[in-house]
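Trainee: Could we walk through this model together? I'd like to go from single residues out to the whole fold.

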Amino acid sequence: RLVSDWSSDVCSSDLKEQKQSFETILPNLLGLKALPKESPSVRFYEGEEGIRTIMETYLNRAHMGKADLVYGFSNLDHVFSYFPDIREQGSNPRRLRESIKSQMLYTSSQGPVLKDHDAELNRESRYLPPDKFDMAGDFTIIGDTIIMLSLIGKQPLGVTITSSVLAQGLKVIFEVAWEAAKTYN
């Protein structure tokens, strides 16, 4: 057999495989085209590096003027266990350096530990008793982004959702919870 004949058979076979692959993924590509422009962007993060990436990303967004206030639901026991620098300073050190304000609803097995330092740490906080509100994750709203963290277990994980509609909806839920938390403070 001549090399040129063998070569054309291989090329023909490769082209057939590529065509089949393309025909398989084409419907998925067309489906992406049909997504509305305002569809949320969702990203998943795993491990310590992923969690740190999320924290840096959200602080960068705030620093760039995309948000003037951070809203959060937190289980302080989990946050302090995972982030010793936050436990040590009583707040996220970079948020403080960037002068980003926060409003925070939190639980803690140690009780209402944040209120006394709110003014100096550029935040407002309201405590929720953990026996009534067993908060397992950490949820933050910053601008048009929702950040959800699970800091328990061997493999921490995080999810970010960027959507102005969803962020606004969760912000309303935060505001309702904020008002209801007056009962415990």
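**From single residues to the fold**

Mentor: Helices here are DSSP runs of H or I with at least four residues, strands are runs of E with at least two, and both are numbered from the N terminus. Keep in mind that this is a predicted model, where local features need pLDDT of at least 70, side-chain atom pairs count only at pLDDT 80 or more, and totals for chains, interfaces and linings use all residues. Residues are numbered from 1 along each chain as its sequence is written, and side-chain values use heavy atoms, with hydrogens and water left out.

Trainee: Why does N60 count as partly exposed?

Mentor: Buried means under 20% relative accessible area, exposed means over 50%, and partly exposed is in between (1.4 Å probe, protein chains only). N60 counts as partly exposed because its relative accessibility is 34%.

Trainee: What separates the C-alpha atoms of N60 and R95?

Mentor: Along the chain, N60 and R95 are 35 residues apart.

Trainee: How far apart in space are K182 and R126, C-alpha to C-alpha?

Mentor: K182 lies in the segment after helix 6 (164-180), and its 44% relative accessibility makes K182 partly exposed. It is 56 residues from R126 in sequence. C-alpha to C-alpha, K182 and R126 are 7.3 Å apart.

Trainee: What is the phi of N122?

Mentor: Look in the loop between strand 3 and strand 4 (123-127), which is the place of N122. N122 is partly exposed, at 24% relative accessibility. Most residues other than glycine have a negative phi. N122 has a positive one, near 55 degrees.

Trainee: Which elements each supply at least two residues of the lining of the second largest cavity?

Mentor: A cavity is a set of points on a 1 Å grid over the protein atoms alone where a 1.4 Å probe fits but cannot get out, and lining residues have an atom within 4 Å of a point. The second largest cavity holds about 30 Å³ of space, a volume being the space filled by probe spheres set on the points, which are joined across faces, edges and corners. Its lining is N75, H78, V79, A136, G137, D138, L149, S150 and L151. The elements are helix 3 (76-82) and strand 6 (145-150).

Trainee: What pattern does the protein follow along the sequence?

Mentor: There are six helices and seven strands in the protein. Read along the sequence, they give α-β-α-β-α-α-α-β-β-β-β-β-α.

Terms used: 1 Å grid on protein atoms, 1.4 Å probe; cavity = no way out; pocket = protein on both sides within 12 Å on 5 of 7 lines; lining within 4 Å.
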